[in-house]
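Here is a short tour to read with the sequence and the 3D view side by side. Take a moment to set up the display before you go on.

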Amino acid sequence: MKNEKYAPNRRNFLKTSALTLGGLAILPFCSSIPAIGAEAVKAQADIAKKKPLVVYYSESGNTKKVAEMIHNKVGGDIIRIETVAPYPDDYDTLVQQAKKEQAQNTRPEIKTKIPNINEYGVIFLGYPNWWSSMPMPVYTFIEQNHLDGRTIVPFSTHGGGGLGHSIEDLKKECPKSKILKSLAVPGNRASGAAADVEKWLEGLGNALIETTTGNPKIYPDGAY
């Protein structure tokens, strides 16, 4: 696990804090607001205090490149999902194994452990497109770390199939999660995807401001 100092954006932190505290202040005086509203506001405030996590699975290295670009922008921690048993080096053998695992709905054992998933707010989840979905080790990670109900930002690399049906699959796996706009990068363009990554992050805009204190590299003054 690689730890980086998390540098919140003061402007966005103050904006988020003001909105959150303002909402909390008026709740007691608004009898028409259900009690669950206070819980939602508190949950939002709790997320805003936490750092982001960039977690990814990468076999060829393409998704790793994109993950590192994202991490460079958002800060927080970056973690690679690793399987206990490595996949075959031979491409055709790997492809067939991945197909079989998907057909059997396998959950390959992983050695990646996160001591406390609750220390993270937004989770950037990266993976290559394998048979139009996420690799099965990613499913293992999602289930072992109870990602359902969390804010997830998916990103993927592919060989021409885009995101496939991976987002639909992710929503089925995490029906209670807030899934933000995804990014799909062709594998042969992964090394030069920095501009696409930055544009995508900026495009997330208010959705990220609502769930994290942000980072000056993404939210420079005057960006909006």
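How many cavities of 30 Å³ or more does a search of the whole structure find? The search finds two.

Before the details, please note that this is a predicted model, where local features need pLDDT of at least 70, side-chain atom pairs count only at pLDDT 80 or more, and totals for chains, interfaces and linings use all residues. Residues are numbered from 1 along each chain as its sequence is written, and side-chain values use heavy atoms, with hydrogens and water left out.

**Cavity and pocket**

On a 1 Å grid over the protein atoms alone, a cavity is a set of points where a 1.4 Å probe fits but cannot get out; a pocket is an open set with protein on both sides within 12 Å along at least five of seven lines; lining residues have an atom within 4 Å of a point. Grid points are joined across faces, edges and corners, and a volume is the space filled by probe spheres set on the points.

The second largest cavity has a volume of about 30 Å³. Its lining consists of Ala98, Glu101, Gln102, Trp130, Met134, Pro135 and Met136. Helix α4 (residues 91-103) provides the largest share of that lining, three residues.

The largest pocket holds about 460 Å³ of space. It is lined by 19 residues, and Tyr91, Leu94, Pro128, Asn129 and Trp130 are the closest to its centre. At least two lining residues come from each of α3 (62-74), α4 and β5, and α4 gives the largest share, four residues.

The table sets out the two linings by class. Ala, Val, Leu, Ile, Met, Phe, Trp, Tyr, Cys and Pro count as nonpolar, Asp, Glu, Lys and Arg as charged, and the others, Gly among them, as polar.

| Lining | Residues by class |
|---|---|
| Second largest cavity | five nonpolar, one polar and one charged residues |
| Largest pocket | eight nonpolar, nine polar and two charged residues |

Helices (H or I, at least four residues) and strands (E, at least two) are DSSP runs, numbered from the N terminus. Buried means under 20% relative accessible area, exposed over 50%, and partly exposed in between (1.4 Å probe, protein chains only).

In strand β5 (residues 151-158), eight of eight residues are buried. Thr151, Val153, Phe155 and Thr157 point one way, while Ile152, Pro154, Ser156 and His158 point the other way.

Two strands pair if DSSP finds at least two bridges between them. Strand β4 (residues 120-128) runs parallel to β5 and is joined to it by seven bridges, with isoleucine 123 opposite isoleucine 152. From β4 the chain passes through helix α5 (residues 136-144) to β5 in a right-handed β-α-β crossover; right-handed here means that, with the strands pointing away from the viewer, the path from the first strand over the helix to the second runs clockwise.

Strand β6 (residues 178-179) is joined to β5 by two bridges, also in parallel, and its isoleucine 179 stands opposite isoleucine 152. Four bridges link β5 to the parallel strand β7 (residues 183-186), where proline 186 is the bridge partner of histidine 158.

**A residue in a loop**

Asparagine 188 sits in the loop between β7 and α7 (194-204). Why does asparagine 188 count as exposed? Asparagine 188 counts as exposed because its relative accessibility is 74%. The C-alpha atoms of asparagine 188 and glycine 159 are separated by 7.7 Å, and these residues are 29 residues apart along the chain.
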